[in-house]
Amino acid sequence: MLHLLPLSTLLLITSTLASPLSRTDSKPLPLLIWHGLGDNYAADGLHTVGDLANETNPDTYVYYIRLDEDADSDRTATFLGNVTAQIAQVCEDIATHKVLSKAPGLNALGFSQGGQFLRGLIERCGDTVKIKNLVTFGSQHDGITKYQICKDGDWLCKSYVGLLKANTWGTWVQGHLVPAQYFKSTNETTGAPTEEYLHNSNFLADINNERVLKNVTYAKNLAELDNFVMYLFEDDTTVIPKESGWFAYTNSTNGEVTGLRDRAIYKEDWIGLKKLDERGALHFETTKGGHMQLSDKVLRNVFKTHFSPEKASWSGLWEELQEVIEL
Ligand SMILES: *[C@@H]1O[C@H](CO)[C@@H](O)[C@H](O)[C@H]1NC(C)=O
Ligand SMILES: *[C@@H]1O[C@H](CO)[C@@H](O)[C@H](O)[C@H]1NC(C)=O
Ligand SMILES: *[C@@H]1O[C@H](CO)[C@@H](O)[C@H](O)[C@H]1NC(C)=O
Ligand SMILES: *[C@@H]1O[C@H](CO)[C@@H](O)[C@H](O)[C@H]1NC(C)=O
Ligand SMILES: *[C@@H]1O[C@H](CO)[C@@H](O)[C@H](O)[C@H]1NC(C)=O
């Protein structure tokens, strides 16, 4: 449509829209960071990332998502808890936060399981919490097929995994042990999710709209993102399969990967990914190294490309421009 408008009209629209938007020019949107399994919101490593964001886009307000103000309890909540309740709590915390609730929008960075939890937050709570850009690193968007959690010799962790494995689809496990809620079992012959998974998964089957009844709000909310950027670690051996970070399916018998664009979740657009992709807003990225081996260079690039205020105001302008033209 754009090319049909005379240049003068375009310039008029541009100058009309430029003034209300310029208010966001210098100040970056606040940044939410949701950490991964076994980490806590007060960890030094996590704050190094937040500091880097503030250094790249000066004056960035960083909020480290937590389920408890006590760091040890927050770490425990990465292992133990009902993800549905956790996301509802985070939604409430942000909605009532004195800085975050007043911002014109938010950016979000999710590490590992924190990535799919942020996506859940957007899908379920997008009417309240306005996230503009979501970047995930090594997340399990299509679930995991193995519990690769423990370091050698960690017996407490091994008994935890024993509990997970023994009764993954049980109601108690689904309501209390976090990784079970994004575990996924598939029929290897057909590639279809198993009935047990569809029936019992407390988090993933719902958030991916895999059941017969789809929640249209999820698709609408996710499709409203300015950008959804998914990073995969090239040598990730912790997330099995690592392609889960791109919503791909990996046949565990022959290793064959079916990309997102060839899957029903995309083709039938269950959660808005196709809409994002058609707008050029869905990004598949890789980075070198194993699970969560982040480099400052990659992070700086992400902050500059996706979280800088100039970028945000221009994408906002572009959207408003498209709306005006379609009228
Ligand atoms: C961001 O950096 C500035 C210095 O450039 C500092 O004054 C401010 O406290 C930092 N903000 C956060 C949230 O760390
Ligand atoms: C769909 O999700 C929204 C947001 O979480 C929720 O308010 C609504 O009740 C859900 N609808 C159905 C049919 O489950
Ligand atoms: C998880 O929490 C939600 C919300 O509190 C609740 O409706 C659901 O039954 C719980 N799930 C399990 C498996 O306990
Ligand atoms: C997988 O699907 C095939 C074809 O529908 C079926 O025959 C088989 O029993 C299924 N396997 C399992 C483990 O459910
Ligand atoms: C997975 O690979 C095996 C072995 O090649 C094959 O028999 C099976 O049909 C494949 N499953 C899917 C869903 O493609």
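In this predicted model, a polar side-chain atom of Asn254 lies 3.1 Å from an oxygen atom of ligand 5. Asn251 also supplies a polar side-chain atom, 2.4 Å from an oxygen atom of the ligand. Glu188 contributes through its backbone. One of its backbone N or O atoms sits 2.6 Å from a nitrogen atom of ligand 5. On its own, ligand 5 has 360 Å² of accessible area, and the protein covers 55% of it. The surrounding residues are Glu188, Thr189, Thr190, Gly191, Asn251, Thr253 and Asn254. By class, six of these are polar and one is charged. No nonpolar residue belongs to this shell.

An N or O atom in the side chain of Asn82 is 2.2 Å from an oxygen atom of ligand 3. For Asn202, a side-chain N or O atom is 3.5 Å from a nitrogen atom of the ligand. Taken alone, ligand 3 exposes 360 Å², of which the protein buries 46%.

Helix packing was examined next. Helix H5 (residues 113–125) packs against helix H10 (residues 216–223) at an angle of about 115°. Their axes are 7 Å apart. Angles of 65 to 115 degrees count as roughly perpendicular, so H5 is roughly perpendicular to H10. The crossing of the two helices is right-handed.

H5 also packs against helix H4, which covers residues 83–95. The angle between H4 and H5 is about 70°, with 10 Å between their axes. H4 is therefore roughly perpendicular to H5. H4 passes H5 in a right-handed crossing.

Another pair is formed by helix H2 (residues 44–56) and helix H13 (residues 296–306). Their axes come within 9 Å and cross at roughly 50°. That angle makes H2 oblique to H13. The crossing of H2 and H13 is likewise right-handed.

Pro241 is placed in the loop between strand E5 (227–233) and strand E6 (249–250). A cis peptide bond joins Ile240 to Pro241, with omega at about -5°. Phe247 lies in the loop between E5 and E6 as well. Phi of Phe247 is positive, near 65°, although the residue is not glycine. Most residues other than glycine have a negative phi, and most peptide bonds are trans.

In the site of ligand 5, polar contacts come from the side chains of Asn251 and Asn254, and from the backbone of Glu188. In the site of ligand 3, they come from the side chains of Asn82 and Asn202.

Notes:
Residues are numbered from 1 along each chain as its sequence is written. Chains are lettered from A and ligands numbered from 1 in the order in which they are written. This is a predicted model: local features need pLDDT of at least 70, side-chain atom pairs count only at pLDDT 80 or more; totals for chains, interfaces and linings use all residues. Side-chain values use heavy atoms; hydrogens and water are left out. A polar contact is a pair of N or O atoms within 3.5 Å; within protein, one must be able to donate a hydrogen and the other to accept it, and residues adjacent in sequence count only if both atoms are side-chain atoms. Accessible areas come from the Shrake-Rupley method with a 1.4 Å probe; for residues, only the protein chains shown count as cover. Axes are lines fitted to C-alpha atoms, for helices over the stretch in contact, and angles run from 0 to 180 degrees between N-to-C directions. Helices (H or I, at least four residues) and strands (E, at least two) are DSSP runs, numbered from the N terminus. Angles under 35 degrees count as roughly parallel, over 145 as roughly antiparallel, 65 to 115 as roughly perpendicular and the rest as oblique. A crossing is left-handed if the near helix is turned anticlockwise from the far one by less than a right angle, and right-handed if clockwise. A residue is near a molecule or strand if one of its heavy atoms lies within 4 Å of it. Ala, Val, Leu, Ile, Met, Phe, Trp, Tyr, Cys and Pro count as nonpolar, Asp, Glu, Lys and Arg as charged, and the others, Gly among them, as polar.
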